Amino acid sequence: MTSKIETVSNAPTESDSVRLKFIFANKDGVHVEIECSPSDTIESITKSLQSKWPEGIEDETPSLDRIRLICMGKGVLGPPSSTVEECEVPVFLTHPTPVNVSVKPIILNQKKTNVETGDKPSVMTGQNRMPSGNCCCIIS
C-alpha cells in the first residue's frame with residue numbers, strides 16, 4: 001500500500017494575479033482597484049491607474065512622473081521599469097494590497113537660486129521675502 005502526500009501551498013505563484021487597492025491621501029473612501037501580474041512594471045500599473053483616475057482628485061489626470069506609489073512602508077515603488085515582484089510588493093490572499101497614491105505638486109514659478117545665478121544672497125524684509133529654497137536667519 002502506498003500513500004501519497006500532497007502539499008498545498010498558499011504562497012502566491014508567478015501565474016497568480018496581484019490585486020492592488022490604490023488609496024488617495026486626504027480623500028476618504030476614494031480608491032481604485034487594479035488586478036495585475038507580478039511581472040507587470042510599475043510604469044504599466046501607473047498607466048492603468050491613470051486610465052481609471054477618479055474624478056475630484058485633481059482638475060485633470062496627472063502625468064506619470066507626478067504619480068508616486070507608496071506600498072506598505074517600503075517607500076516609493078520604482079524605478080518605473082521595475083516589476084511588482086522586484087519591488088517586493090506583498091500579496092494577500094484575503095484582500096487587495098493597499099498602495100497609497102501621492103501626487104507631486106506642480107511648481108508654477110521656479111526662480112533660480114543664488115547658487116545657480118552666482119549672486120550673493122541679500123537680506124529681504126517685509127513683503128520681499130526670499131524665494132522658496134533659500135533661507136535667511138537674522139539674529140539681533
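Read from the N terminus on, the elements of the chain follow the order β-β-α-β-β-α, which amounts to 2 helices and 4 strands. The model is a predicted one, and its chain of 140 residues has 23% of them buried. The chain exposes about 10,600 Å², of which carbon and sulfur atoms supply 49%. When contacts between residues at least 6 apart in sequence are considered, 53% of them join residues at least 24 apart.

In soluble globular proteins, nonpolar side chains tend to be buried together. In this chain the largest nonpolar core has 21 residues, and those with the most contacts inside it are L20, F22, L49, L69 and V101. Two or more residues are given to this core by each of β1 (18-24), β2 (31-36), α1 (42-51), β3 (67-71) and β4 (97-103), with the largest share, 4 residues, coming from β1.

Leaving aside neighbours within four places in sequence, V101 is in contact with F22, I23, F24, A25, L49, W53, I67, R68 and L69.

A contrasting valine, V76, is placed in the loop between β3 and β4. From C-alpha to C-alpha, V76 and V101 lie 9.5 Å apart in space, while 25 residues separate them in sequence.

Terms used:
Residues are numbered from 1 along each chain as its sequence is written. This is a predicted model: local features need pLDDT of at least 70, side-chain atom pairs count only at pLDDT 80 or more; totals for chains, interfaces and linings use all residues. Side-chain values use heavy atoms; hydrogens and water are left out. A nonpolar core is a set of buried Ala, Val, Leu, Ile, Met, Phe, Trp, Tyr and Cys residues joined through side-chain atoms within 4.5 Å. Buried means under 20% relative accessible area, exposed over 50%, partly exposed in between (1.4 Å probe, protein chains only). Contact means heavy atoms within 4.5 Å. Accessible areas come from the Shrake-Rupley method with a 1.4 Å probe; for residues, only the protein chains shown count as cover.
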